[in-house]
Amino acid sequence: MTQHSQSTKDKMKALSELGFSSREIAKLVLGSETKKSSVNRVLASEGKTPKLPEPEKKGLKILFVPDCQVRKGVDTTYLTAIGQYIVDKKPDVVVNIGDFFDMPSLSVYDKGKLSFEGRRLAEDIEAGKEGMKKFLQPLRDYQKIDPSYQPRMVFCLGNHEERLQRVPSNNSEFEGFIGYHLLELEKDWEVHDYLKPVNIQGINFVHYLSNPFTGKPYGGNASSQLKNVGSSFCVGHKQTLEVAIQPVLDGTMRLGIVAGASYLFDESYKGQQTGNLHFRGVVMLHDAKDGFADPSFISTKFLIDRLNKI
């Protein structure tokens, strides 16, 4: 066994206290990384524990599902297609960003107009529940085969679901009768309050970012919103796809994504020109950690074509 001088031992101890690993100390003091076991013996005899390199933080795979706006009378194949994509890609977390239920019967924008005729709340809720069954069915079927796959399921309530809360807020006689409980989300999802961000791996998920002075959604694109809030986010609400990446002086990066539609049907209020020409799909966040991720964007049309080939 090699005997080291006290001076050499002192150098080893000093470098260990500075945070150097035994491999690094062996190279600096003894001239070879292969002599790290000798360093470990010296440090152990001196009551010092060599610093072990910190394990790298595990990044998560997160599927961000924009607004689905399920309503009566629309083709909901896209929900099965997204559900099948969850099973095939097996994300660690699935985030539904809200407005899964459309709730047209509680809309205030066209109330009293001809387009409003015939809407019923009971039908809105039933359509949404049936849509949720289609969305979750591929996962439930797969879990019968492999029950070990249990992704974290996060639901951020949107302004369309919040319409249910507005009814008793404006009409106290409906308190306890009409509300979120009618949606029965808690049996399948970890539900988060309307506009309350949920932070996952340093990325804030919420239906939209609200201006603290007005309570209304921030205007501007993803880049300007990222500057306003100062932290990474993924939001829905706005029918578009916008991405912003900003470097920070500490060497990290911030990410902002606005994606507000996974459904394929057009909205009549958006007119006959370019209003309905926008991205429709989901976002997969790869290696999400420390407020950043590598995003990929998958169109709903691709997911449906993919489903038809299975």
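This is a predicted model: local features need pLDDT of at least 70, side-chain atom pairs count only at pLDDT 80 or more; totals for chains, interfaces and linings use all residues.
Let us begin with glutamine 201, which is found in the loop between strands β5 (198-200) and β6 (203-206). Helices and strands here are DSSP runs, numbered from the N terminus: helices are H or I with at least four residues, and strands are E with at least two. Residues are numbered from 1 along each chain as its sequence is written, and side-chain values use heavy atoms, with hydrogens and water left out.

Glutamine 201 has a positive phi of about 60°, although it is not a glycine. Is this residue buried or exposed? Glutamine 201 counts as buried because its relative accessibility is 18%; buried means under 20% relative accessible area, exposed means over 50%, and partly exposed lies in between, with a 1.4 Å probe and protein chains only.

Histidine 237 also calls for comment. Its phi is positive, about 75°, and it is not a glycine. Histidine 237 lies in the loop between β7 (233-235) and β8 (241-247). With 25% relative accessibility, histidine 237 counts as partly exposed.

I turn now to the sheet. Five strands form an open sheet in the order β5-β6-β7-β9-β8, with mixed pairing; two strands pair if DSSP finds at least two bridges between them. The edge strands, β5 and β8, each pair on one side only. On average, neighbouring strands of this sheet are turned by 15° against each other, direction ignored. Axes are lines fitted to C-alpha atoms, for helices over the stretch in contact, and angles run from 0 to 180 degrees between N-to-C directions.

Within the sheet, β6 and β7 run parallel and are joined by three bridges. Asparagine 204 has phenylalanine 233 as its bridge partner in β7. Helix α7 (residues 222-229) packs on the sheet and touches β7, β8 and β9 (253-259), where contact means heavy atoms within 4.5 Å. The direction of helix α7 makes about 45° with that of β8.

Finally, the cysteines. How many disulfides are there? The count comes to zero, a disulfide being a pair of cysteine sulfur atoms within 2.5 Å. For cysteine 68, the nearest cysteine sulfur is that of cysteine 156, 13 Å away. Cysteine 68 is buried, at a relative accessible area of 0%. Cysteine 156 is likewise buried, at 2%. The closest cysteine sulfur to that of cysteine 156 belongs to cysteine 234 and is 10 Å away, too far for a bond.
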